[in-house]
Amino acid sequence: MGFQDFIIRGGKKFPLYSRVMEGTSAKAIVIPATGDRLGVTPRNGDMSWKDFLSRAAGRSSMYSPVYQSADALINILFSSGTTGEPKAIPWTQLCPIRCGADTWAHLDVRPKDIGCWPTNLGWVMGPIQLFSCFLNGATLALYHGSPLGRGFCKFVQDARVSVLGSVPSLVKSWKAGNLTKGLDWTKIRVLATTGEASDIDDNLWLSSRTCYKPIVECCGGTELASSYIQGSLLQPQAFGAFSGASMSTGFVILDEQGNPYPDNLPCSGEVGLFPLYFGATNRLLNADHDKVYFDGMPIYRGRQLRRHGDIIQRTVGDYYIVQGRADDTMNLGGIKTSSVEIERVCNGADEGLLETAAVSIKPSGGGPEQLAILAVLKDRSTSYDANILKSKFQRSIQRNLNPLFRVSYVKVVPEFPRTASNKLLRRVLRDQLKQELANRSKL
């Protein structure tokens, strides 16, 4: 097994090899995160990447394939942990096939393409990007460093990237800093995005950098090795929306009683996936797979549906919009809504905003849920009156969403807590606010 000595993220070093030594006695090859020298001393039996390469020097590059069964494990990934403890998810030989097939069918990845997607191997998009490029004959463009700066944007130009993937919060940062100014991104022919709900204005800005190339929305999960819902280049695309189920996949939208809505009806509810899903896992290493994904799900056409946890909307024009996780829905005045819906409205309430996060707080003494909105400013050095923001959020929500929703609390913060895959941790914000308000009430 190969491991970096450290993981470098945002200018900080996080120990990796030392954690490996604690968890396994298996032989490891240690790779320096920067430069040629290791920042750690390998234990007996382990070796550096440099020593490993020197041992292979002069040997034949021809190797006989090793055949394994379809369910043989190839790697282990952890879920992002946005709604609970991360789950240890084993991938099989089928997972790479699913990765390559989805990107071939939906992103039109071809030989001679140059693909780039800011990610890491701990997030599902890391392996997906590897398998998608290599199984489809494309070249993988790797950038060592943070994708938040202009350096990455220039790398996209210089590497002549033709298929560029992103995360909505990254696009928001590129746009806020105007980091693509003077750069030529016209070699890009397909854009893709995943990880969070997209902002329509940000998508329009991103597409305009590439002479208005299409953006394919992707939404799936680590346990699926792919996306269950995507855009398609064979159909007209709408910013921030999906055009249907991924190839060979099916799903229904469930009402509050667990009954599927008719396929042609505009609606909103929790998604239920068809259980026959090529490449999906059938076990977890630290949890009960059936309990997590199947227990309590309704029967549809003789088979029990698979749980995924997303709330999705089918629009009048048969497009789909992911409205966030079922865990991130809230009840405001007897009306169910999602954090994503509120954030979409609030993000445009003031030009100084970079992004917002909406959570609901249940008062310690009981009563209805209260809406709290946290905000990150584009210029984090400026001070801003939270009461002014509160009034702007309230007006925007009343005009564009629901006049009955009331904003109870607003706070400006320097940044939001996120997973390693850059997903917003609303549950952490919710717990922090709950504790802060509880302490305040004691005073």
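Helices (H or I, at least four residues) and strands (E, at least two) are DSSP runs, numbered from the N terminus. With those labels in hand, let's walk through the structure. This is a predicted model, in which local features need pLDDT of at least 70 and side-chain atom pairs count only at pLDDT 80 or more, while totals for chains, interfaces and linings use all residues. Residues are numbered from 1 along each chain as its sequence is written, and side-chain values use heavy atoms, with hydrogens and water left out.

Let's begin with empty space. Rolling a probe the size of a water molecule over the atoms shows where such space is left. A cavity here is a set of points, on a 1 Å grid over the protein atoms alone, where a 1.4 Å probe fits but cannot get out; its lining residues have an atom within 4 Å of a point. The structure holds one cavity of 30 Å³ or more, and the largest cavity has a volume of about 70 Å³, a volume being the space filled by probe spheres set on the points. Helix α4 (125-135) supplies at least two residues of its lining, as do β8 (114-116) and β10 (163-166). The largest share, four residues, comes from α4. Among the residues lining the largest cavity are Trp117, Ile128, Gln129 and Val163.

Next, look at helix α10. Its 15 residues, 386-400, should span 21 Å at 1.5 Å a residue, and its end C-alpha atoms are 21 Å apart, which agrees; the expected span is 1.5 Å times one less than the number of residues. At the start of α10, a side-chain oxygen of Asp385 reaches to within 2.8 Å of the backbone nitrogen of Asn387, a polar contact being a pair of N or O atoms within 3.5 Å. Leu389, Phe393, Gln394, Ser396 and Ile397 are buried in α10, where buried means under 20% relative accessible area, exposed over 50%, and partly exposed in between (1.4 Å probe, protein chains only). The cover over these buried residues includes α9 (339-346), β23 (353-361), β24 (370-377) and β25 (407-412).

Arg98, found in helix α3 (residues 94-106), is buried, with a relative accessible area of 2%. Beyond four places in sequence, Arg98 touches residues including Leu224, Ser246, Tyr277 and Phe278, contact meaning heavy atoms within 4.5 Å. Leu38 lies in the loop between β4 (29-31) and β5 (47-48) and is partly exposed, at a relative accessible area of 22%.

Technical notes
A polar contact is a pair of N or O atoms within 3.5 Å; within protein, one must be able to donate a hydrogen and the other to accept it, and residues adjacent in sequence count only if both atoms are side-chain atoms. On a 1 Å grid over the protein atoms alone, a cavity is a set of points where a 1.4 Å probe fits but cannot get out, and a pocket is an open set with protein on both sides within 12 Å along at least five of seven lines; lining residues have an atom within 4 Å of a point.
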